[in-house]
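Please look at the sequence and the model below before reading on.

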Amino acid sequence: MILGVDTQATTYLPYTVSTQEHSCIQGYVAAPHRGTQLKGHHVVGSAGFLTSPRVCFESRLVTPNGSQHLKSVPLVSDLIHCTNEPNVSIPQLANLLIERSQNTNWVVVFKSLITVHHMMCYGNERFTQYLASSNSTFQLSNFLDKSGVQGYDMSPFIRRYAKYLNEKALSYRTVAFDFCKVKRGKEEGTLRTMNPEKLLKTLPVLQSQLDALLEFDCTANDLTNGVINMTFMLLFRDLIRLFANYNDGVINLLGKCA
């Protein structure tokens with residue numbers, strides 16, 4: 001999976017001009033584009049990418065001799081940068097992304113979900129705080145793209161992925177911190193040093209987030225799909241951090257009982 005920047009196509013936001021904020025963020029709202037299918041696998045093609053800001057996806061190109069290579073496409077780094085800018089409205093940005101997830105096209109919905117996950121992982125914590133404090137969640141439990149075989153195949157993954165992102169936001173609302181961003185380890189680990197009363201309330205929340213993540217349940221064959229593979233990499237990043245925190249919490253709890 002390549003996460004690169006096409007320097008010839010990337011358009012950067014005028015971060016310092018607050019009057020242009022709306023039009024910059026609104027640039028995300030574009031018409032859906034079809035995915036490309038190569039050898040039975042679904043990937044999102046680079047043609048017709050959102051203008052400004054842009055979303056990153058893997059693009060596989062087939063050369064004349066039949067071999068495949070990866071082409072870098074613009075990153076979501078513009079949007080991540082936005083979360084650190086005082087002139088950018090986090091609620092508006094988050095709501096526009098959530099609005100895009102209500103599209104009936106699986107490609108557009110997956111773009112929105114992956115973008116939100118990137119921003120929760122690498123963006124300013126204000127973004128996650130807003131998702132946790134607002135009533136804005138992904139209403140995708142019944143999502144089904146009936147436009148074709150690709151839509152039917154990808155819809156279950158969208159439903160599971162949206163459920164995890166909702167659970168990730170709910171966890172933040174409950175414990176007031178992101179399990180994937182807190183300190184871990186023996187000396188300064190948040191759950192390793194947490195008092196027992198608070199720990200007993202925190203571990204079930206962490207368990208619920210872990211359960212939602214594991215429900216994504218993709219197979220090795222599914223990972224040959226470029227879109228699912230990108231999602232898996234983000235989920236795997238979260239998983240190792242969640243597990244480390246759970247380990248810290250259990251060690252702390254057992255130590256208190258000893």
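Predicted model: local features only at pLDDT ≥ 70, side-chain atom pairs only at ≥ 80, totals over all residues.

**Aromatic pairs**

A pair of aromatic rings is described by the distance of the centres and the angle of the planes. The structure holds six aromatic pairs. The table gives two of them.

| Pair | Centre to centre | Angle between planes | Arrangement |
|---|---|---|---|
| Trp106 and Phe110 | 6.4 Å | 85° | edge-to-face |
| Phe157 and Phe216 | 5.5 Å | 55° | tilted |

The pair of Trp106 and Phe110 counts as edge-to-face because its planes are 85° apart, and the cut-off for that class is over 60 degrees. Trp106 and Phe110 both belong to helix H4, which covers residues 106–122. They are four residues apart there, so about one helical turn separates them. Trp106 is buried, and Phe110 is buried as well.

Where in the chain do phenylalanine 157 and phenylalanine 216 lie? Phe157 is in helix H6 (residues 149–175), while Phe216 is in the loop between helix H7 (196–214) and helix H8 (226–257). The cut-off used for both is under 20% relative accessible area.

The rings named so far come together in one aromatic cluster, formed by Trp106, Phe110, Phe157, Tyr161 and Phe216. Phe157 also has a charged neighbour: the charged end of Arg160 sits over the ring of Phe157, at 5.0 Å from the ring centre.

**Packing of helix H4**

Helix H4 packs with H6 at an angle of about 25°, and the two axes are 10 Å apart. H4 is therefore roughly parallel to H6, since angles under 35 degrees fall in that class. The crossing of these helices is left-handed. On the H4 side, the contact includes Trp106, Phe110, Leu113 and Ile114. On the H6 side, the residues include Met154, Phe157, Ile158, Tyr161 and Leu165.

H4 passes H8 in a left-handed crossing. From H4 the contact takes in Trp106, Phe110, Ile114, His117, His118, Cys121 and Tyr122. From H8 it takes in Val227, Met230, Thr231, Leu234, Leu235, Arg237 and Asp238.

**Two single residues**

Is asparagine 252 buried or exposed? Asn252 lies in helix H8. Its relative accessible area is 4%, so Asn252 is buried. Leaving aside residues up to four places away in sequence, Asn252 touches Leu191, Arg192, Thr193, Met194 and Leu199.

Lysine 198 is found in helix H7. With a relative accessible area of 42%, Lys198 is partly exposed. That class lies between the limits of 20% and 50%. Lys198 and Val175 are 23 residues apart in sequence, and their C-alpha atoms are 9.3 Å apart in space.

Terms used: Residues numbered from 1 in each chain as written. Heavy atoms only, no water. Phe/Tyr/Trp six-rings, centres within 6.5 Å; stacked < 30°, edge-to-face > 60°. Helix = DSSP H or I, 4+ residues; strand = E, 2+ residues; numbered from the N terminus. Buried < 20%, exposed > 50% of the residue type's maximum accessible area, 1.4 Å probe, protein only. Lys NZ or Arg CZ within 6 Å of the ring centre and 35° of its normal. Contact = heavy atoms within 4.5 Å. Left-handed = near helix turned anticlockwise from the far one by under 90°. Axes fitted to C-alpha atoms, helices over the stretch in contact; angles between N-to-C directions. Parallel < 35°, antiparallel > 145°, perpendicular 65-115°, else oblique.
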